[in-house]
Amino acid sequence: MSERIKTFKEFYQFYLTEHSKTGTRIFHFMGTLLIFVVIGYVISSGKERFLWYIPIFGYGFAWLSHALIEKNQPATFKYPIWSLISDFRLFFELLIGKQKFIR
């Protein structure tokens, strides 16, 4: 990835190649799921102090999977917004079966 990616469509294809292993996809899915759990808990309980868990779950699970499983650098460092959007897109595509955990 020496050249900058110019479109989200191109980026998402690159993103999928950087998230090709089952373990990486599971870690990302769990991290994103925990984000929604925290948001739901904060909304239902009114305890905003738990919002600080969001980046820990979101980035922690993802970066750990890149370091231990995928053995690559997260795209977040070069493309932070597109990476965030792609994390949620992959989560929902895994949820509805458009993407598979096992490639």
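Modeller: Let's go through the overall fold, then the packing. Keep in mind that this is a predicted model.

Biologist: Okay, how many helices and strands does the protein have?

Modeller: There are 4 helices and 0 strands. Reading from the N terminus, the order is α-α-α-α.

Biologist: And what does the C-alpha trace span along its principal axes?

Modeller: About 45 × 25 × 25 Å.

Biologist: Switching to packing: at what angle do H2 and H3 pack?

Modeller: Helix H2 (residues 22-45) and helix H3 (residues 53-70) sit at about 175 degrees, and their axes are 8 Å apart. Angles over 145 degrees count as roughly antiparallel, so that is what H2 and H3 are.

Biologist: Which residues in H2 and H3 meet?

Modeller: On the H2 side they include Phe27, Leu34 and Ile35, and on the H3 side Phe57, Phe61 and Ile69 are among them. The residues of that contact split into 13 nonpolar, 7 polar and 1 charged.

Biologist: What about the largest nonpolar core, which residues are in there?

Modeller: It has 12 residues, including Phe11, Tyr15, Phe29, Tyr79 and Phe91. Helix H1 (8-17) and helix H4 (80-96) each supply at least two of the core residues, and H1 gives the most, with 5.

Biologist: You mentioned Phe91. What is Phe91 in contact with, leaving aside neighbours within four places in sequence?

Modeller: Phe29, Thr32, Leu33 and Phe36.

Notes
Residues numbered from 1 in each chain as written. Predicted model: local features only at pLDDT ≥ 70, side-chain atom pairs only at ≥ 80, totals over all residues. Heavy atoms only, no water. Axes fitted to C-alpha atoms, helices over the stretch in contact; angles between N-to-C directions. Parallel < 35°, antiparallel > 145°, perpendicular 65-115°, else oblique. Contact = heavy atoms within 4.5 Å. Nonpolar A, V, L, I, M, F, W, Y, C, P; charged D, E, K, R; others polar. Core = buried A, V, L, I, M, F, W, Y, C linked by side-chain atoms within 4.5 Å. Buried < 20%, exposed > 50% of the residue type's maximum accessible area, 1.4 Å probe, protein only.
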